[in-house]
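Work through the exercises below with the coordinates open. Each task is followed by its solution.

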Amino acid sequence: MSDSEDDDIPQLSSHALAALQEFYAEQKQSTSPGRDDKYNVGVIEENWQLSQFWYSQDTALRLAQESIAAAGEGGRIACVSAPSVYQKLRELHGEGISVYIFEYDRRFAIYGEEFVFYDYNNPLDLPGRIPEHSFDIVVADPPYLSEECLRKTSETVRFLTRGKVLLCTGAVMEEQAAQLLGVKMCKFIPEHSRNLANEFRCYANYDSGLDYET
């Protein structure tokens with residue numbers, strides 16, 4: 001190739017090249033979060049096709065704190081279709097607690113052995129390393145506002161829990177939730193990072209801190 005042909009090849013300015021490198025770095029970080037930030041709520045983006053809507057930071061924090069209080073020292077926590085709570089628990093407490101995430105979205109497999117693939121359509125199709133009644137509290141957020149989804153998710157919850165249940169779902173599911181899991185609506189009103197059209201509430205089957213102001 002001659003020198004004249006070299007001159008014809010478009011060259012990026014140093015500013016444009018730096019901007020391009022920054023873009024590629026951001027893209028790499030969004031797909032492969034680093035060790036320090038992989039537990040940040042929202043580091044894995046919502047997939048609306050999977051009916052994913054993350055909690056606000058304040059709600060994730062409140063639910064994580066309630067889970068810790070309910071599980072007790074050395075307790076085990078299961079987060080069923082509630083990745084925001086799992087992430088906040090890990091962000092707050094590191095390796096100091098026992099918590100698992102049951103999730104259909106395999107992007108959450110970045111959490112290693114604590115990730116359990118979960119499809120609510122097969123509510124009891126769980127790995128052998130997850131024994132029955134092995135969690136002090138189960139935090140569940142069924143992905144769809146339907147009786148079928150709540151009923152099948154409830155099967156999973158009853159299998160996993162030693163007793164305590166913290167359910168997050170629409171206000172319209174109050175009657176079905178009470179019938180399936182014996183839970184009552186809490187005073188605390190959860191919020192999402194994006195406003196949802198449906199009124200959303202928390203339910204518990206024990207004397208929950210979500211019924212008191214903090």
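**Exercise 1.** State which strands helix H6 lies across, and its angle to E5.

Solution. Helix H6 (residues 174-181) lies across E5, E6 and strand E7 (200-204). H6 runs at about 170° to E5. Axes are lines fitted to C-alpha atoms, for helices over the stretch in contact, and angles run from 0 to 180 degrees between N-to-C directions. Helices (H or I, at least four residues) and strands (E, at least two) are DSSP runs, numbered from the N terminus.

The model is predicted: local features need pLDDT of at least 70, side-chain atom pairs count only at pLDDT 80 or more, and totals for chains, interfaces and linings use all residues. Residues are numbered from 1 along each chain as its sequence is written, and side-chain values use heavy atoms, without hydrogens and water.

**Exercise 2.** Give the strand order of the open sheet and name its edge strands.

Solution. Seven strands follow the order E3-E2-E1-E4-E5-E7-E6, with mixed pairing. Pairing takes at least two DSSP bridges between two strands. Strand E3 (115-117) and strand E6 (184-185) are the edges, each pairing on one side only. Inside, E4 (residues 135-140) and E5 (residues 161-170) run parallel, joined by five bridges. Val 138 stands opposite Val 165 in E5. H4 packs on the sheet, touching strand E1 (76-80), strand E2 (98-103) and E4 (contact: heavy atoms within 4.5 Å).

**Exercise 3.** Describe how H3 and H4 cross.

Solution. The axes of H3 (residues 57-71) and H4 (residues 83-93) come within 8 Å and cross at roughly 75°. That makes H3 roughly perpendicular to H4 (65 to 115 degrees). Residues that meet include Leu 61 and Ile 68 in H3, and Val 85 and Leu 89 in H4.

Technical notes
Parallel < 35°, antiparallel > 145°, perpendicular 65-115°, else oblique.
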